[in-house]
Amino acid sequence: QVQLVESGGGLVQPGGSLRLSCLASGSDLSINSMGWYRQAPGKERELVAIITSGGTIKYVDSVKGRFTISRDNAKNTVYLQMNSLKPEDTAVYYCNAIVREVGRPTYVAVWGQGTLVTVSS
């Protein structure tokens, strides 16, 4: 069974930086896209950044120039480097991956448990 394990959230002052990591655990995985979503209190979950297996990257406009997504395919891990953080970046950040286990016919979406990022002075 595929699981996504996130780490790296916490409390940071405005202007600070954090790096989130997400490891896809499981054997014989084929991973298509990996990405980060976030959900602030009272708001809907939104896509923050996504990276495909081919390296195509997309960001939500509000984080362009501040956040960088990357992945290490050998480690089945995706990262989100967040710089120049703002209070409005405060949210629970969720990792998402589209994966297929070898022997299974289809790709499925898997979610992490979420990690809280709080930007406050």
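In the predicted model, the chain of 121 residues has a radius of gyration of 14 Å, which agrees with the value near 14 Å that a compact globule with 121 residues would have. Taken along the principal axes, the box filled by the C-alpha atoms of the chain is roughly 50 × 25 × 25 Å. Of the 121 residues, 39% count as buried, that is, they have under 20% relative accessible area. The accessible surface of the chain amounts to about 6500 Å², and carbon and sulfur atoms account for 48% of this area. Among contacts between residues at least 6 apart in sequence, 54% join residues that are at least 24 apart.

The secondary structure of the chain consists of eleven strands and zero helices. Read from the N terminus, the order of elements is accordingly β-β-β-β-β-β-β-β-β-β-β.

Four of the strands form an open sheet with antiparallel pairing, in the order β1-β3-β8-β7. Strands β1 (3-7) and β7 (67-72) are the edges of this sheet, each pairing on one side only. From one strand to the next, the twist averages 15°.

Within the sheet, strand β3 spans residues 18-25 and strand β8 spans residues 77-82. The two strands pair in the antiparallel sense, and six bridges join them. In this pairing, C22 stands opposite V78 in β8.

Key: Residues are numbered from 1 along each chain as its sequence is written. This is a predicted model: local features need pLDDT of at least 70, side-chain atom pairs count only at pLDDT 80 or more; totals for chains, interfaces and linings use all residues. Side-chain values use heavy atoms; hydrogens and water are left out. Two strands pair if DSSP finds at least two bridges between them. Axes are lines fitted to C-alpha atoms, for helices over the stretch in contact, and angles run from 0 to 180 degrees between N-to-C directions. The radius of gyration is taken over C-alpha atoms; the globule rule is 2.2 Å times the number of residues to the power 0.38. Buried means under 20% relative accessible area, exposed over 50%, partly exposed in between (1.4 Å probe, protein chains only). Contact means heavy atoms within 4.5 Å. Accessible areas come from the Shrake-Rupley method with a 1.4 Å probe; for residues, only the protein chains shown count as cover.
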